[in-house]
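Dear colleague,

Please find the structure below. My notes on a pocket and a helix follow it.

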Amino acid sequence: MRKLILPILLIAIFALMPLIADMVGKNALMTLSARILMYAMAAASLNLILGYGGMVSFGHAAYFGVGAYVVGILYSHWMSEVPIFGLFPGSNQLFVTLPIAMVMSGLAALVIGALSLRTGGVQFIMITLAFAQMIFFLFVSLTAYGGEDGIIIRRANEVPGLNMRDKTTVYYVILVVAVLYFAWMWRVVHSSFGQVLKGIRQNERRMEAMGIATYRYKLYAFVLAGMGAGLAGALMANFLRFTSPDMMHWTKSGEMIIMVILGGLGTFFGPILGAAAFLILEFYLASWTEHWQLGLGLILLVVVLFTKGGIIGAIARLKGGRE
Amino acid sequence: MLTVDGLQAGYGHAQVLFDVSLQVNEGELITLMGRNGMGKTTTVRSVMGLLGPRGGRIVFDGKDIHGAAPERVARLGAGLVPEGRQVFPTLTVRENLIATAANRLNRPDPWTLDKVYALFPRMKERAGQMAGTLSGGEQQMLAVGRALMTNPKLLILDEATEGLAPVIRAEIWHVIEQLKAQGQSILLIDKNIAVLKRLADRHYILEKGNVVWSGTGADLDRDAERVHAYVGV
Amino acid sequence: MTEILRIENLQKRFGGLVATDNVSLDVHTGEIHALIGPNGAGKSTLINQLCGELRQDAGVIHLAGRDISHMPAPERVDLGLGRTFQVTSLLEDFTVAENVGLAVQARDGGNFRIFDRVTGRTSVWEETGHLLSGSLLNDRRDARVADLSHGEKKQLELVMALATQPRLLLLDEPMAGLGHLESQQMIDTLNGLRGEMSMLLVEHDMEAVFALADRISVLVYGQVIMTGTADEVRNDPRVREAYLGTEDA
Amino acid sequence: MILILEQLLNGLQYGVMLFLLAAGLTLIFGIMGVINLAHGSLYMIGAFAGTWVATTTGSFWLGIPGGLIAAALVGFLVEATVIRKLYARDHLDQVLATFALILIFNQLIILIFGRQPIFTPLPEVFYGSVEIIPGLFYPPYRLLIIAVGLLVAVGLYVLINRTRVGMLVRAGSTNRDMVRALGVDVRLLYTVVFGLGALLAGLAGYMTGPILAVQVGMGEDILLATFVVVVIGGVGSIKGAFVAGIGLGVVDTMLRAFLPTILRGFMAPSDADAIGASVSSMGIFLLMAIVLLIRPKGLFAAGG
Amino acid sequence: EDAVRIGVITTLSGPAGYLGQDVRDGLQLAIDMEGGTLGGVPVELVVEDDGLKPGNGRQIAEKYMSDEGIKLLTGIIFSNVAGATVPDIVDNGALYISPNAGPSNLAGKGCHENYFVVSWQNDALHEAAGAAAKKLGYTKAFALAPNYQAGKDAIAGFKRTFGGEVVGEVYTQLGQTDYSAEMAQIRAADPEVVFQFHPGGMGIAFLRQYQQAGLLGTIPMVLSEPSTDAVVLNAVGEAAVGITATAHWNRDFDNEANKAFVAAWDEKYDRPITYYASQGYDTGLLIASALRETGGVDDIDALREAVRKADFDSVRGAFSFGKNQHPVHNWYQLDIVAGEDGKPMAVTKEVLLENYGDSYADQCEM
Ligand SMILES: Nc1ncnc2c1ncn2[C@@H]1O[C@H](COP(=O)(O)OP(=O)(O)OP(=O)(O)O)[C@@H](O)[C@H]1O
Ligand SMILES: Nc1ncnc2c1ncn2[C@@H]1O[C@H](COP(=O)(O)OP(=O)(O)OP(=O)(O)O)[C@@H](O)[C@H]1O
Ligand SMILES: [Mg+2]
Ligand SMILES: [Mg+2]
């Protein structure tokens, strides 16, 4: 029972946020919490491979960006009524674009993962970074889709029966997708596969000796994570009504890693708290002083030096439990 | 030379050592016995300063080293052959031996690379190989050689013969005997009780973090029944 | 008499060093076959080739009549090959029970399932409990492996290997690091498994080897110099000189 | 022919510069095993401090000690207050902490020097160009960079592979406790070596000042490239970093210089330009990916 | 009191931070010179750093509009931030006046009645450079720019007005540090003129290496405005002397508005004055002219009409809005010469393009 307190609390907070925002007259709170939800999804997908699987992917923003671009490209073809490669029509239906975004980012993860997972350690970090940068440069040079300037999506994707021009509606769509996503993630990390993945992080050699062909499992996790990031990116494109290569820049990948570590590596709620903490800090510090990065830096430094295991670790120690 | 008095220690929330007292005098060979998980290694780690002690006293060579940094303990003359070898995998055999070599106490006839090579010809054969790729037994030899190269006053061997072939094991016993003859103090943990009985001056038996028995080899025979209960011999 | 394992002319080089030099060897079904030899003779290297962690340069390995020479390690495990590591290699953040449980799960299958609950796989955890209650680690079930002592880890190595229910168990110095008492216990355990599975035992503890082995092969500088019974080996002058020495143990 | 030769020399020069930038990182990341994202900040600090000294005193040469000392001091400080607490922790904690340091240092530089890029003077001696072989002119300052890069390479190689300091650092990166238990004060050693790495970063920052832009965030721009050099060369190998630096410099330069022309030989010029440009803009990453796919540990993997 | 609040979303961190700083300070200067008002209406700037992240820009805009009730926004420096932020602002019924970024996707079909640009349309920057090269009589040019959208736009813009032969077209890498290969290519191609567009640090490095390669006195160079702002010139040093620059504003412009601006700036700030500052200042003057007429921001329609009139004395001289509410103004040729202290400075030479708008205005249906 006690296990359910935190998720219920979190869902309640996010669900009530539009009302709260409205009450206190701070609508930006809704925007902020929508961004937190989407980054939390992206960070959680990264956490699956980074925290549970021990694969330090430094290119996770690539899948985030691919997901966003799928929405953007489908939208722009829908607008111009020119089929993609003269074959596939564009779309502005959320139930069409989200699955395609997941499939495409999953495919990207499959290809990159299949190659990258041949290495390990630092080399893995760098090779994932390399592939992500190549994708970044690819989109930067895609003149047809705005290159560096990106694609402006005038209108969020449609959902039958909903008014997607209403920001609150969009917010709740994001919330529902996020809750479903996290429920699914909960299943994954507590499943048989999740257990194998955790084992691989600790000792790949031992897992092989137990008959587990680790490469396949790692690739599977990598693709699942890529799809999750793609989903988050697709939502982000709908939310921002904009997509640009900036979304897949290596610094974005770095930010996702920071969120995961800040929240608590390999913990279920870590990425949510990490994303929330990072974005809230950024939001409030920036409105407070133009030298906000100094403040952010100092706070992050204090967190990493004086807590072990990020925010989750700090909470656990405050509660006096064993770490 | 080394006095441990009422030592308490542990990891995280778990206390492992409750009351460990022992003494190693100049030129003595002392053993620490006990079943797996009773706290032998923990005692050694506490002495070396690798684990902060929680209570009790550790005096080495007249100096209180309770809570001292490991390098200080080592500089005072303690040399460790750790459990599980812990050679430096990315250094070659030769580098492992010379990286930390020293003769801080100005011994007249210090251990040198050549002497170690003479003791373990295998090491000479493998001098340029990365230590991480050595066989288990070779790593063990290297760990012993590395400790000797620091020319310690007190040599601490934590299961130093683990995984060594009988011939090599015999060779190591031989060396230890020689060292002892030269007046080297030694603290030994090993499972070859028969040999220990022959070489050691005194023995301590640990049980769940307490010293439950101590005495000479002769005492060991006299108390055979109790000893059997503790260590199975 | 059938062979569970047959090795023919196995070769492995590391640079200029011939670590496995044309080794041919077989293990009979149900037999405990000991492999002894000086440090660095190539015993662990041989085991690593058998289980697929290292790839041989030349030679053939048959497991129960099947050529497994080029099979990846995990597939060999599926065919019934189990091993322990000389230097313990465990899942340090998991508890003892989780380690064993994962080994059981790995054998049991369903490892790609993402919608089940691993704690809900009762058969897995029952078997895990059963395996642990037969070992000295029973009251350390919930200890994190990183918190175990050296000897305790060595014991866990064996339990995990057994969890995969191998037909042929490769044991790389299972007694090393065990206390006297625990060694005795391990000998008893292995003796109790006689008949259930075949074993290739690498060990420097001669007491254990002579107590357990049906046959013994001696490896020196990568070559098998003899195979025989305990007495034959004990009395062979070459073995005495190269390996046994005159230790008073 | 002269053009090819010149481009080769350019590649060599660029390679040495890459190595110079990567040298400090090889030490801290490759050998000490610390993931220091703030390495670029040390480079920036060296550039700013050195330039400040140079413009205040009017002497380019005085800027060198200025930049070196500032970077080394900051390095000591960072090691003693932050990095030291993180050796025993997960590598990722180092990532988070040094990311925080980047933010802090960037903002501090803004507070001290403002947001504008600053001007690093080039001493008069290096004006113009010298004729190395007939028809081939070369900027002398670049020759100086080559010389300094070579010097650093040799010095580092000797330090790491031929001295006990190097052995101890390598030993400490895999097992700190054991080095300490054998009587070596690793903490002091690491502080010193980290400071040395910082000093090399500062040297690179100041030396490249007259060629590149000295501005806030300059460190992040080169960070990726230097990590790439270290990883291609094989983490922990000086020789590797040197070879990779030069290899990368030459390949990259040659690609940029000749790929479009070659491609034009068998495809439409506009396609050739487009493909040539994209290939070379992904250049170093493409190269790294290829190298790692063929040799997963890099060119000269240190053993173990 | 009831000051009108103007939301400024700008880039203050990172290498490009000085752009945002100058825009903001120019705008603030206009307010200060009017004693805290614009057009007699008290105003207050709310400033936030977007960190060059489109998502952040969007978030800040949202906060300004919904939480703080701000109806007038400005400040964005970069096109990609503008792309994410501007559509949302104008859809919300607020007014956005761009002091810098003028991306093409918002200038043509994507134009909007609530969106004004004070600075220029991006392409025009480079079209001016092409015109200068043509006017100087060059027929063989070598063009270089980084391999990304803005770089391609730059070369395309240059070619559009240049008309002569482009003997080499090289796309460098984004963030490239070493240009020796390009120098050798330029020397081998032996063009009459070099055009290159490398924003920020890349440009500084390019110019210094151009000099060190011995090309500076040999092959003339014509540059567009971003490559030669006062800060860049300062950082490049003597390596910039002799270059031909193009601009829509320069410090030495001889008009009353500009003289007042320059004098006030020099008094207040101890750093070189850039064209970004002039754009921020012009934005302030434009807003002042509109507020003077409407007295506030409550009636957006009235405000929009007032802004559209552009009834103010721009520091660049004649100024009006085209059909897509982007500027129609003059472009000038500048020469970079050594100043008294040896530092390079830009001197205005002559008008290149008179009353020049942009090539997207026709696509705008408003
Ligand atoms: N790093 C650790 N963290 C937590 N507990 C530990 C740690 N190391 C050892 N322990 C626990 O402390 C107890 C004593 O361990 P120690 O290693 O001292 O035993 P030992 O007598 O040396 O055993 P062995 O003969 O197996 O080496 C054991 O119960 C062990 O589980
Ligand atoms: N990767 C490697 N590179 C080079 N040499 C190696 C490598 N791996 C093992 N060796 C060498 O091969 C020889 C055989 O090693 P192996 O580990 O098989 O010995 P072993 O018989 O198991 O010895 P021990 O009883 O000491 O464990 C040793 O001399 C070792 O140094
Ligand atoms: Mg022990
Ligand atoms: Mg072995």
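Helix 3 (61-80) and strand 1 (151-152) of chain A, together with helix 5 (149-162) of chain E, each supply at least two residues to the lining of the second largest pocket. Helices (H or I, at least four residues) and strands (E, at least two) are DSSP runs numbered from the N terminus. A pocket is an open set of points on a 1 Å grid over the protein atoms alone, where a 1.4 Å probe fits, with protein on both sides within 12 Å along at least five of seven lines; lining residues have an atom within 4 Å of a point.

The model is predicted: local features need pLDDT of at least 70 and side-chain atom pairs pLDDT 80 or more, while totals for chains, interfaces and linings use all residues. Residues are numbered from 1 along each chain as its sequence is written, chains are lettered from A and ligands numbered from 1 in the order in which they are written, and side-chain values use heavy atoms, without hydrogens and water.

Helix 3 of chain A gives the largest share of this lining, five residues. The pocket's volume is about 900 Å³, taken as the space filled by probe spheres set on grid points joined across faces, edges and corners. Its lining has 24 residues, of which A:Ile151, A:Ile152, E:Asn105, E:Lys109 and E:Gly110 are the closest to the centre.

In helix 1 (residues 2-24) of chain A, a kink of about 50° lies at A:Met17, shortly before A:Pro18; the bend is the angle between axes fitted to the seven residues ending there and the seven starting there. Just after this helix, A:Gly25 takes a positive phi of about 70°.

Yours sincerely

Definitions and conventions
Expected span 1.5 Å × (residues − 1).
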